[in-house]
Amino acid sequence: MADRPFPLDFATLNPDTRPRRWLVLPEGFEAVADPDQASPVFALAPEALLDAFKTMALEQPRVALVQEGDGQVELVERSKLFRFPDYITAQAFAVEGGSALAIYSRAVIGYSDIGVNRKRIMAWLDALKTRLS
């Protein structure tokens, strides 16, 4: 578990430099790392947003809850063919207008994920927007 500390400190997170991860942070979030994408703002309290994110994620194929606590959830999605794990850690933060997510999705096997983590998180955020609108 040393390679996957939990909970993550999104402010000091130093993401993997290999092309096998996707980092989403709220707009203006002070962090060491630059995000790959800014999180949309949802008109919900952080706890409600994180719960909605977790519920939506667990409805996806091959996704399971690994752990939760301290305001975060960690999920794993396994690839269909080889069952390789990708870990997704999320936390919701209060922002102007509601709350926004910090999400770190990453592969742990191989050098590149060929864009899988980016595609997953973008699709999940779109699904969440649809669900909450």
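These legends go with several close-up views of the predicted model. Residues are numbered from 1 along each chain as its sequence is written, and side-chain values use heavy atoms, with hydrogens and water left out. Because this is a prediction, local features need pLDDT of at least 70 and side-chain atom pairs count only at pLDDT 80 or more, while totals for chains, interfaces and linings use all residues.

**View 1. An open sheet of 6 strands.** The strands line up as E2-E1-E6-E5-E4-E3, with mixed pairing. Strands here are DSSP runs of E, at least two residues long, and helices are runs of H or I, at least four, numbered from the N terminus; two strands pair if DSSP finds at least two bridges between them. At the edges sit E2 (37-39) and E3 (63-69), each pairing on one side only. From one strand to the next, the twist averages 25 degrees.

**View 2. Strand E1 and its two partners.** E1 (residues 21-26) pairs with E6 (residues 98-107) in the antiparallel sense over 4 bridges, and Trp22 has Ser105 as its bridge partner in E6. With E2, E1 pairs in the parallel sense over 3 bridges; here Leu25 stands opposite Ala38. E1 is mostly covered, as 5 of its 6 residues are buried (under 20% relative accessible area with a 1.4 Å probe, protein chains only).

**View 3. Helix H1 on the sheet.** H1 (residues 46-58) lies across E3, E4, E5 and E6, running at about 155 degrees to E5 (angles go from 0 to 180 degrees between N-to-C directions, with axes fitted to C-alpha atoms, for helices over the stretch in contact). Its buried residues include Leu49, Phe53 and Met56. The buried residues of H1 pack against E3, E4, E5, E6 and H2.

View 4. Leaving aside neighbours within four places in sequence, Trp124 is in contact with residues including Phe53, Met56, Leu75 and Ile88 (contact means heavy atoms within 4.5 Å).

Notes. Buried means under 20% relative accessible area, exposed over 50%, partly exposed in between (1.4 Å probe, protein chains only).
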